[in-house]
Every structure is written in C-alpha cells, then in structure tokens.
Amino acid sequence: MVLSVVAASAALTGGVAASHAGSSYDVEVQENQNPRVWDGQTIRFNFTTDDTYTVTGPDGSDLGDFDTDASGNHTLDSSTLPATGEYTVEDSSGSTVTNFTLTTQTLSASFGDSSINSGQNTTVTLDTNRAENFTVVASSDGADVSTVFGDQNITEVKGGLGTSTTVNATTAGLAAGTYNFTFEAHDSDASATATITVEEGTDEDATFDSQSYSTVVGDTTSFDLETMGQPDEVWLNISDDEGYYTATVLLNNTNYDDDNTLSLTWNTHNASQNGSTLGLTETNGDATVNVVNAEGAAIMADNLLNRSSTYTFESFVDDPMGSGEFRDVSSVRVNERSNGPVTVWTAPSSTNYGTLNASELVGASTQDNTIANDDLLVLQVETNGVYGYMADDLANFNTTGGLNLTLTETNTGPYSDGATVNIQDISGNSTLIKQPGEGQFLVAIDTAQVGSISAGSSWDAAFSIHESNPYVDSTISSTASLSVEERSLEITGDFSDGTLQLPNSDSAEVTAESNVAPGTAVNVRMNFPFQFVTTSGEIADDGTFSSAVNLSQFEAGTQFDTRVSLGTGLSKTVGSVITESGDGPTNATASFSVSANAPSEVEQGAQAQLGYSFTNDGDADGTVEYTVTVNGEEVDSGTANLSAGSSTSPMVYEFDTSSAGDVEWSVSTQHDSASGTLTVAESGGDDTGGDDTGGDDTGGDDTGGDTGGDDTGGDGDGDSDGDGGGQPGFGLVVALFALIGAALLALRRQN
C-alpha cells in the first residue's frame, strides 16, 4: 500500500460581532486579568458591576460598546474581532477594567507511514502551538472515523514547544482508495486536513529464518520470524515428536517501526511452566507473547524431563484453531547437556575486568595454572544446559539449579581441611561473563582483594551441579588446580661484579624477568647525574621484558642507577655503568658449520676429490679452526677469520685411489663435523690383467719414469685416452660436481 499525506492548517478571524448576553463560553475574562484567547473561542466577560463597557483594539481603535447583564456577564465571539493582539476593556468612566490577548491557534495533521496496506495499523500526529489539553473533532468524507480512531472526538490533544500528540489509527475495514480527514479544534477556528491512500497489499505472511535450530536442554535458542504485510497477529503451534507437548501461542501488539522481523528467544528451562509464556519472549519488545492453549505431560511438568527431543514450530497469521492458514514450519532440536573442563588463566592486576566483554577478557589473559599474588585469576568453565536459569551475577550464582563454584585450599597441614571460598561470598571482587553460544562462562577474581588467596597457597577450583538439578542424574563436577606465588622481578643482562653493563648505543637493551601475568606494564627509569632516561613496555608471554633505550650520548664509564618497576609497585634497582658500544660483555657468539662432499665410490685409479668449506652461522665474528683427516691421518688443517654469516671459499683434497678398498674421511671444526666413506673398487677392464697393469706400464717406464716425465706432459697421455679404462676423465667429473655442491651448500648457509 502507498500512503500519501496532505496536511493543512487554518484559523479564521472576523470583524466585530454584536455584543450579546449568554451563558455558553470557552474562556472567561475577569477584571484586572490578561488571559490568552484562542481565535474563534467564545469569551465571557464576568465583571462585578453592571455597566456599559468599551473595547479598544490592538491598534487603539474603538471597536464599540457592550452592556453586561445584572450579574455583570456578557459573551463575545472572538472570531468577530479584527486582528490578533492585546485588547483593552474600559468602563463607562474611561477606566481600564481588564485586558485580553487574542492569539491564532495552529494545527497540522500527518499520517505516520509512507505506504500502507488495507488492514494495517498506522498513526496520525497532531501538532499545535496550544499547550493545554483540548479536543479535536475528526471527520471524513468516506471513512468511519469512529472505527479509524476509536472515536470521533480525539481528547487530550496538546502541543506547544517540542510537543505533539500521536493518535493510533487503523485501516481495517477500509477498501482501497483515497480518504480525506479533517481535524478541528472543538473551541477555536483551528483545523487541519490529512489524506491517506490505502491500497490492496500482498498477503500477510510469517516465515522462519531457518528450517532447523538446535540447543541444549536448560539453555536458550533464538530465531527470527520474517513477516510480510506486517500482520497484527502471528500465531505459533508448538509440539514435540513424542506427543508430550502441545501449545498455541499468540504474538500480538506487534511493532514494525524498525523492520518487518520479530526476533524470538525460547528458554527451554521455562518451556514447561504452564501459565507463563512457555519460555518464549520477543527479544526487542516488538510483540506481546500470549499462551492461548497448552497441554501435555511435558508442559504440566516442572521442567522438560525428556532431555533430548525435537520440537516443531508452525506459523500462522490467524488463529490456527479457527480459520488461520498455515505459513511455515521449522524444528528445534533440544539435546542433552554436557560438562567440560575448568581452565585457569591469569591477567594483569590492572585489568578493568568489570567493564570487559568475554573476548576482551580472554584477549587480556594468558593460560597458566600459576598465578602471581595480586594478579587477576580467570576461571574458564566449559559447560552447557545452565544458561536458561544461571543468575546474571555471582552473588546469586548458587541460588538456582544447584550450581556451585568454589576454591578449596589444598596445601594444608594434617590437622586442617583448608579454607573454602564460595564464589558468591567474593562477588564484590569478581565478575561473571556468560557465553552460551560458546558453551562456557568466565569468572574473573581480583586476588589482591581476597585475603585468603595469598602467596604460597594452592587451590582446587571446582564447578559442580547438584543432583537436585532436573537435567542431571547425580552430582557432577569439574576441577582444576592452581597455585599462587609471591610476585617476583629480576633485572637481567650483562653484569660485572654486580654492576649492569649497558653500551653507549642508540639501542641499548634493558631486560628483566618476572612471574607476573603477561601484559603487565613495566616502567624503566635510569638516574643519571642531572638527568633521567626512561622507557617502558610489557611483560611478554615467556615472562621476559626487553626495551631499547638510547644511551649514545653518555661516555663510557658513566655510572648510574637503573630502576625497573611493575605497575603494582614492585621494583628493583641495580647499579649500572656505560661501556663502549660493542666492548662490553655480549651474549653474541660465533658458530661454525661444515659443508663437505665426496663421491661414495670410484674405480681404482680414477680421480676422486673431497670438497669442503666452512660457514659462520653465529651472530658474532670469529675464527674457525678446522681439521681434515683421511683414514685417521690429518691431511689438512688451519684457521680462517669469518664474520657472522660468511663462508670460506671451497677447498679441495684429492684422494689416492691407486689401491682398492675403503677410504674413511672426516672434516671438523670446533662446532661441527662431517664424515663419509669412499669405496675404491678394483678395475674391471682388459687392462687389469694385461700389459698395462702387470707389464711394462706398471713396472716400467710409465710408472717409475713417466710419472715425472713424458707421460704427464707428453707421450704418456696415450694411456689416459686409451683402453687403460678412461676412469681419470670420470673422476674429474665427480670432483667437479663435488666442488660445485660444496660451493652451493656454502652459499645457501651464508644466505
């Protein structure tokens, strides 16, 4: 439907009317008064003397005389007066008897919707400058105003500065069309008109935002009803799959100001309390829940004893027990409840836990079963089936459903049971945050305000549900252990004879360790002669603190005090001294790794090489000391100066492969080593048993003479290229790959 509104206002004034006596009037004017008269009202003058009186207008003109009756009364229609303003009334002797002020009343009217369907409700707003209550008379050329507004006379209308009157209206019974309404003040000339156009709309509807929902018995679930046509009434039929539960619920007094959605919450803990709303509420207050019919064993019981069941919700836009038509259906699966563990967390003592939501509290906390005294103790309890009846505050935590949360001291002597702290007894120093959607609740406890939770004590935190709870068969509980330590703080770093050494650099690190909760604020102050240097930070998750400070302006040898303090007042102070940057004690070290590569097997007489290099993997410069051994004999050793992250150039050792067998090799530094075995296999070609091995080449000139002579640089290379087995060429390739592999590995380590 489309609503169009036309509004207008009017007020009439007229000339001077003949004076007359009478008793019907709207406002009375007595001697020595100056009342306001709304244009169009009937004035009754009520004077003490029967006389002839003269009326003077706002411009000073004489408007005529009137005579009072024997009682001193006379009436005058104010619409006959020529203009608004202050009028004067004088007696026959010319003396001023009284004054009155004529004012024009304004009135406007407008309907509240920009579009509307037939049968829907709306409002009309009346605005006026008249602050006292008056009656507006409504009329229309085509609508029954008594049906639209409930009565033709709209009473107790008032306006004034910032004030208006809103009147409910309905289009029920109005056919499609345009309707003009007139609104008139009952006693003045003020009037207004408004026009509304009513159109045939779409059919009313109410559908669920999902076809299925799930919850746990004792908890709540929420769902939305999306409506069309803004029905004035929505009906629900609710039943279970076992025939123990049947109910009809009416949602009326609907309010669609924000949207066309009704948001409902069903508390399964209250679903069986006949005579109430069966646990149903409209979350935003946009509808009233009325139970029209309820029957069945599950409804008559105190609670849902069938702890696991499926419930069917059907929607209607009219009474389903009459002519109401079905619109939609959805199911709610109610499951049995369960219990999870209790987990201990800690948070800084400065945490403003009373103002945090669940995610903020978790974000400020660290899981730890050891709590520093005065820090915040946070208990995370994983459980469900309790949020439909759990109290919103810890003071009443154990008053419903047999819920209990306690802290019991465990490190006691043989003749003591230890202290027990009930959570409701310390509710003033703790807070409860429920997370039904996550199946858990959080309790934050300020240990600084609970005297029995002191340093050196140990506790069991236990959440229990008593067997009297309707959703458990016997008492159940979950427990977590925790201990409380004295708060500690230690300044760490490079010390010499008890004095903290800090370099004169622009990033000198001040470090400390503490057992307080991570996130605790740390402040550092260095007291130099005539100067303070400060820095700050927080305790990290591992209990350490580190903050860089610029000390480059101070000379080596300058002495000062370093004070590190926590937000709770715990602090430590140590004597300190400035050292030359890089000269003071350092935790940086050099560390040397080995990269080595050699073939695993070659034939006898083939070339084979061991390639190796060294890399400084540490964070300080240093000197590598290396040793190379072959078959237990040192074949190479030396030193090399390497800066952090750098490597030596590749080095090569050539194996002696003249004899078959295993060759054991190793390369080592003071920090690392590599080793392997080269197998030299017997040659398998014709030359093995022929002339070159057993003949002239082995025992003759080529071996004994040509090694240093012709075979190396001259005629001897005939053996290298011939049938003597071409192994030297293969060995060269192996050695080349060994060198390349060693170089690449060294480069990777360097990067």
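Which side chain does the side chain of Thr54 join in a polar contact? I found that of Asp65, at 2.6 Å, where a polar contact is a pair of N or O atoms within 3.5 Å, within protein one able to donate a hydrogen and the other to accept it, with residues adjacent in sequence counting only if both atoms are side-chain atoms.

Before going on, I note that this is a predicted model, in which local features need pLDDT of at least 70 and side-chain atom pairs pLDDT 80 or more, while totals for chains, interfaces and linings use all residues. Residues are numbered from 1 along each chain as its sequence is written, and side-chain values use heavy atoms, with hydrogens and water left out.

I placed Thr54 in strand 5 (residues 52-56), strands being DSSP runs of E with at least two residues, numbered from the N terminus. Thr54 is buried at a relative accessible area of 17% (buried means under 20%, with a 1.4 Å probe and protein chains only). Beyond neighbours within four places in sequence, its contacts include Asp62, Thr88 and Glu90 (contact means heavy atoms within 4.5 Å).

I next looked up His269, in the loop between strand 22 (261-267) and strand 23 (280-282), and it also counts as buried, at 13% relative accessibility. Its side chain makes a polar contact of 2.9 Å with the side chain of Tyr471, and Asp219 and Asn303 are among its other contacts.

Last, I traced an open sheet of 3 strands in the order 10-11-14, with antiparallel pairing (two strands pair if DSSP finds at least two bridges between them). Strand 10 (107-111) and strand 14 (164-170) are the edge strands. Ala109 stands opposite Leu126 in strand 11.

How values were computed. Helices (H or I, at least four residues) and strands (E, at least two) are DSSP runs, numbered from the N terminus. Buried means under 20% relative accessible area, exposed over 50%, partly exposed in between (1.4 Å probe, protein chains only).
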